[in-house]
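Please keep the sequence and the structure in view while reading.

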Amino acid sequence: MEYVAGGADIRVNPWVALRPDEDAEQVGTDVSAAHESFVERGEAPGSVRQVVEASWVRSRGNGIDPDRQIGRTSLTGIELERYRRTHPMSSVRPVVQTLLVEDARDTGLLIALSDAHGRLLWVEGDSAARDRAADMNFVDGADWSEAAVGTNAPGTALALDHCVQIFGAEHYSRMVHPWSCAAGPVHDPATGRILGAIDITGGPRVAAPEVLSLIRATVAVAESELRAHPITIRTTPRVELLGANPALLFGNERIPLSRRHSEILLLLMEHPEGLGTEHIAVLLDERDLDAVTVRAEISRLRRILGGTALGSRPYRLLTELDSDVGELRRSLRRGDIGAAVARYRGQLLPASRAPGVGRVRESLRARMRAAVLTSRDPAILGWWIASVDGREDRGAWSAYLASLDRDSSLYAQVAAQLAMLDRELGRSQR
């Protein structure tokens, strides 16, 4: 739906959820009906803003279930504290507290700061609202990127690099329909890169145009503060490899790595003692890989990481490097399966066919599977069988069936799926 002069639904500013002359209750009813038709019947919504419709399409394409628990916690405890302490958004937090947080208490409003990937760093404001928001996991450390939870103001603002409001049922997840939110991305004035987002979440009044204006003003003040006091925080570089294609390196900027650089970096992280050129070549390709090619790729990777980050003879990492793989392993070691599930965004470098990567990938998958089966938690088992790793895992489907009430309709559905897997397995063994 286009918003053009003379159209049936003229919007001077399509980023604003409600015009001053609109009836919020009627708009809410129309949007709820559009959401129902889009989610249940796949019909194109005819009564939502274009920015919302496009976000719904992306959410569906990302496999978001509008009825499933959202906002998986990706950072907790000491890891979250360390991440927040060294994150550039900590520089603007005092400004946000002065302009928004101090006046949000006892108002039903929440003020949230996220990083550039949609992770919530701080959620502050009205204590009763915080308790209610915790039910949908809108909490410190949770992943509220659009790719993780569907349409929502901080996640969609980051996805589009634009201030935006989301009103009630405009959220893709039904759990968030009672809420409205307005958010805007914060940029580093020196480089223009996105540092994170500032968000206001609350009831329907958050969808009023003046709230989006307040977000824009707060973002402007925050960026002015950064301009006057440039970011000097030294961040530990971080690499994300789970479900990533290619890997993403986060330091002073966000850098997508090539497939080969992703593979080499993972192998070096897995072998802190170092690797020789020939060993790296074997781990990258079971066929003969030219040693000159390996050295050239490592030379390029060294320029990306910085001249002092990689040592030679043997090749090894000389700098501290955080990773989602390391966080996943720590969660598994301490038996925190909930945290492990939150961190396991998908298979390790799924596009890689390097033998060395494949061994690490299978090791992580096997450890995750063992933890999931041991948990006997229906929610965790349900998450696993819905994933690429578990959708044909007969043992997991059987464990999931055993965790369900025999009288539930879901039990019958899972039993039918298990029978189908058995039939397919029987055919494949003939």
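Which side chain meets that of Arg49 in a salt bridge? The side chain of Glu170 does, at 2.5 Å from N to O. A salt bridge here is a side-chain nitrogen of Lys or Arg within 4 Å of a carboxyl oxygen of Asp or Glu. Because Arg49 lies in the loop between helix H1 (24-41) and helix H2 (50-61), and Glu170 in the loop between strand S3 (164-167) and strand S4 (180-187), the pair ties together parts that are 121 residues apart in sequence. Helices (H or I, at least four residues) and strands (E, at least two) are DSSP runs, numbered from the N terminus.

The model is predicted: local features need pLDDT of at least 70, side-chain atom pairs count only at pLDDT 80 or more, and totals for chains, interfaces and linings use all residues. Residues are numbered from 1 along each chain as its sequence is written, and side-chain values use heavy atoms, with hydrogens and water left out.

**Salt bridges**

The count comes to 27 salt bridges. Three of these pairs are listed below.

| Pair | N to O distance |
|---|---|
| Arg49 and Glu170 | 2.5 Å |
| Arg119 and Asp115 | 3.1 Å |
| Glu43 and Arg41 | 3.3 Å |

Buried means under 20% relative accessible area, exposed over 50%, and partly exposed in between (1.4 Å probe, protein chains only). Arg49 and Glu170 are both buried, and Arg119 and Asp115 are buried as well. Glu43, in contrast, is partly exposed at 38%, and Arg41 is exposed at 51%. A network of salt bridges links Asp115 and Arg119 with Arg238, Glu240, Glu327 and Arg343.

**Cysteines**

The structure holds zero disulfides, a disulfide being a pair of cysteine sulfur atoms within 2.5 Å. For Cys163, the nearest cysteine sulfur is that of Cys181, 13 Å away. This distance is too far for a bond. Cys163 counts as buried at 11% relative accessibility, and Cys181 counts as buried at 4%.

**Helix H14**

Helix H14 (residues 355-375) has 21 residues and reaches 30 Å from its first C-alpha to its last. This is close to the expected 30 Å, which is 1.5 Å times one less than the number of residues. Its buried residues include Pro355, Val360, Leu364 and Val372. Among the elements that cover the buried residues of H14 are helix H9 (259-270), helix H12 (324-333) and helix H15 (378-385), where contact means heavy atoms within 4.5 Å. Just after H14, Arg376 takes a positive phi of about 55°.
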